[in-house]
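Thanks for coming, everyone. Please have a look at the slide, and I will walk you through it.

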Amino acid sequence: MSTAAQPAAPAAPEGTLIPGFSSPGARPVAWETVRGALERAEISWISTVRPDGRPHVTPLMTVVADGCLHVTTGPGERKARNLAQNPQVVVTTGTNVFEDALDVVVEGTAVPVTDGAALRRLAERWRCKYGDEWTFDVEDGAFVHDGDPALVFAVRPEVVFAYERTAEHAAMRWRFGDAAPSGAPDAPQPAS
């Protein structure tokens, strides 16, 4: 089965410290710190838009691969129906504490992943990250668990915000796409 062309995975451009939301003299947050937080996050929240324009937010598990966040949803779930109408999403992760915290906001476009080899690789990442109870088979361009299909989407970052709260507060922004440096590595493109 073919997959919609997955956008190229960006290399991180230099982040921009946002002075109005940062402590005076705050040090920038390194991209590696933000990427690590996204990779370790056990739960993230995805925001989609309903056909009538109302927002929908739900927690889910994510896996990072090829420079993208990957999410799953059942084909009949609200987020799947929303993504069919509007693939623009925001994925957030972090903490609900004020001190010693890092919150990350990823804005991007959710692209279906249906290529069997890509799905098998992602299924192994899910199992490694979340344990054997999250083992998926791959059939007909989707994950399958206990007979139920789950669609898989890749969210390529377009803009990423990070809010670090330690002794000082640092708000950062990274822009991808046209702002990505030339020669940025591309994600493997699924077979069409």
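A word of caution before we start. This is a predicted model.

Let's begin with the aromatic rings. How many aromatic pairs does a search of the whole structure find? It finds seven. Take Trp31 and Trp174. Their rings sit edge-to-face, 5.1 Å centre to centre, with 65° between the planes. Now look at where the two residues come from. Trp31 is in helix H1, residues 31-40. Trp174 is in strand S11, residues 169-175. They are 143 residues apart, and the pair links these distant parts of the chain.

Trp126 lies in helix H3, residues 116-130, and Phe143 in strand S9, residues 142-145. The two are 17 residues apart in sequence, so the pair ties those parts together. Trp126 is buried, at 1% relative accessible area. Phe143 is buried as well, at 0%. Trp126, Phe143, Trp134 and Phe136 form one aromatic cluster.

Next, helix H2. Find Lys79, which sits in this helix, residues 78-85. Is Lys79 buried or exposed? Its relative accessibility is 9%, so Lys79 counts as buried. What does Lys79 touch? Leaving aside residues up to four places away in sequence, its contacts are Ile46, Thr48, His56, Thr58, Leu60, Thr72 and Thr73.

Lys79 is one of the buried residues of H2, along with Ala80, Asn82 and Leu83. These four cover an arc of only 160° around the axis, so they are on the same side of H2. On the other side, Ala84 and Gln85 are exposed. What covers the buried residues of H2? The cover includes strands S2, S3, S5, S6, S7 and S10.

Let's stay with S3 for a moment. Strand S3 runs over residues 55-60. One face of S3 is covered, with His56, Thr58 and Leu60. Now recall the contacts of Lys79. His56, Thr58 and Leu60 are among them.

How does S3 pair with S2? The two strands run antiparallel, over six bridges. S2 and S3 form a hairpin, with five residues between them. In the turn, Gly53 has a positive phi of about 95°.

Asp140 has a phi of about 50°. Asp140 is in the loop between strand S8, residues 137-139, and S9. Asp146 has a phi near 50°. Asp146 is in the loop between S9 and strand S10, residues 148-165. Are these two buried or exposed? Asp140 has a relative accessible area of 69%, so Asp140 is exposed. Asp146 is at 69% relative accessibility and counts as exposed too.

That is my tour. Over to you for questions.

Conventions: Residues are numbered from 1 along each chain as its sequence is written. This is a predicted model: local features need pLDDT of at least 70, side-chain atom pairs count only at pLDDT 80 or more; totals for chains, interfaces and linings use all residues. Side-chain values use heavy atoms; hydrogens and water are left out. Rings of Phe, Tyr and Trp (its six-membered ring) pair if their centres lie within 6.5 Å; planes under 30 degrees apart count as stacked, over 60 as edge-to-face and the rest as tilted. Buried means under 20% relative accessible area, exposed over 50%, partly exposed in between (1.4 Å probe, protein chains only). Contact means heavy atoms within 4.5 Å. The arc is that of the directions from the helix axis to the C-beta atoms. Two strands pair if DSSP finds at least two bridges between them.
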